[in-house]
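Subject: Structure handover

Hello,

Here is the structure you asked to look at. My notes on what was found in it follow below.

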Amino acid sequence: MSEAVAERLVARKDEILERLKALLRLPSVSTDPAYAEGMKATRDFLLARLREAGLTDVRLLDGGGQPAVTGAWMGAPGKPTLIVYGHYDVQPPDPLDLWQSPPFEPTIRDGRLYARGASDVKGSTLIAVETVAAFIEAGGCPVNIRFFLEGEEETGSPSLRTLIERHRDALKADAVLSADGGRASTTLPTVNVGSRGLTKLQVALRTASKDMHSGRYGGAVRNANHELARLIATLHDDHGRIAVPGFLDDVAPVGPRERADAAALAMNEAEFYGAIGAAPYGDPDLGLRERITLMPTIEVNGMWGGYTGAGSKTVLPCEAHAKFTMRLGPGQDPARVQRLLRDHLLARAPAGVALDFTEQDAGSPAFTLREGHPLLAAAERVIERTTGRAPVRARIGGTLPITAIFQEMLGLDTLMFGYAMPDEDVHAPNEFFRLSSLEEGLRGWPLLLSELGKVPPEAFRS
């Protein structure tokens, strides 16, 4: 039946492409309140599509932030129940002047669909929705389905824990299939087995009670921007190694399997850096793949202070700010990592410099799908069947908060089975999704659901 469903989906791919374009036209930016109408319109679109497809219990799940969209099909007694995860929110489109076509007007060029959210992750999310819809139309799914389409992934899923506590009834399942978490290579078939964790911190640094005239006070009063820059410079050595005491102590050692998988996906450093116009950087004792997928990071995502408008203003700023994100390796605890960064900055702040910290959220640890898990075994069979090659196992450098949080709170493991490619400029201008990936996903998802329908429900928990 899966083959027939796949053929039916591929025959309708033009219709599905038009539906994807309609979804991409809805500006669902979760971090900016100015896009509230776009967020609501996107939820309405998904609710309508799930109802049209024949799912029941279609509704919103509220956790105090952006609601999630859910719907269920429970017509396969004795078969596994899978949560199908996707997210409908997208990153801000800025800077707008770097887009070759409007970010919320889907445009096809050279076999690519350009739009904000095309790759991350509306393309793969719609593939999952359309696959389930096609199975229901054909008589029923090989597994039971509960959709969980989140609206806060791009802001770190801050209300996810509350949402789970409030709506456990809608999240009873045996495992999770995620449309997020794309492929690790444009040339080799891959399957994702883990991701880094994430936590965030913001700091405000103050040196005086007010801004001052730089001619009258310069040289006698600390400049907040200068002090913040000095502190940030202590976070890494000249090679980019993290220099915060204790930060790396809990990172699980890179094992032989991880090294072998990284070697199988070895990257051409000249091509990697050439494509982004950057110079080589990072721990010289690690390979590029290991640096961007296995090891933790501390990044300053934004810093500001003083006058940043047009022209100049001879001000000596009294306050400066920075936003940090930390990607976490296996074994690291988000709360401990935040504490270590705070302690490091406080210990190095000179007299007369005050620091005030704001925790952005609780964060989420790294995730690993265990060896021998039926989700992993099924995915590897499907990928080999559709590509003719056994997939290489890969970890992703990004973070999908639901993987670790669902595992912690619900005891559910997640398979990341997205069809985005690593070069599709997610979070940047001119994001795109390959049209070929649409057809590949419409063939792969039916096969995966059928494979998982052969697995006894209890096997997912062993």
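Two strands are said to pair if DSSP finds at least two bridges between them. Helices (H or I, at least four residues) and strands (E, at least two) are DSSP runs, numbered from the N terminus.

This is a predicted model, in which local features need pLDDT of at least 70 and side-chain atom pairs count only at pLDDT 80 or more, while totals for chains, interfaces and linings use all residues. Residues are numbered from 1 along each chain as its sequence is written, and side-chain values use heavy atoms, with hydrogens and water left out.

The chain as a whole

The protein chain contains 14 helices and 18 strands. Its radius of gyration (taken over C-alpha atoms) is 23 Å, close to the 23 Å from the globule rule (2.2 Å times the number of residues to the power 0.38) for 462 residues, so the chain is as compact as a globular protein of that length. Along the principal axes, the C-alpha atoms fill a box of roughly 80 × 50 × 45 Å. Of the 462 residues, 55% count as buried; buried means under 20% relative accessible area, exposed over 50%, and partly exposed in between (1.4 Å probe, protein chains only). Taking contacts (heavy atoms within 4.5 Å) between residues at least 6 apart in sequence, 79% join residues at least 24 apart.

Strand β2 covers residues 68–73, and six of its six residues are buried. In a regular strand the side chains alternate between the two faces of the sheet. Here A68, T70 and A72 point one way, while V69, G71 and W73 point the other way.

β2 pairs with strand β1 (residues 56–61) in the antiparallel sense over four bridges. It also pairs with strand β6 (residues 144–150), again antiparallel, over five bridges. A72 in β2 stands opposite T56 and also opposite R146 in β6. The hairpin of β1 and β2 has six residues between the strands, and G64 there takes a positive phi near 100°.

Around the hairpin

Which residues touch L163, leaving aside its neighbours within four places in sequence? They are L61, D62, G63, A68 and F148. L163 lies in helix α5 (residues 160–166) and counts as buried because its relative accessibility is 3%. From L163 to G65 the C-alpha distance is 8.8 Å, although the two are 98 residues apart in sequence.

S159 is placed in the loop between β6 and α5. At 8% relative accessibility, S159 counts as buried. Not counting residues up to four places away in sequence, S159 touches G63, G65 and E152.

Backbone points to check by eye

Most residues other than glycine have a negative phi, and most peptide bonds are trans.

- D94 and P95 are joined by a cis peptide bond, with omega about -5°; P95 is in the loop between β3 (81–87) and β4 (107–109).
- The peptide bond from D120 to V121 is cis, omega near -5°, and V121 is in helix α4 (residues 118–138).
- D57, in strand β1, has a positive phi of about 55° and is partly exposed at 41% relative accessibility.
- D110, in the loop between β4 and β5 (112–114), also has a positive phi of about 55°, and is exposed at 78% relative accessibility.

Regards
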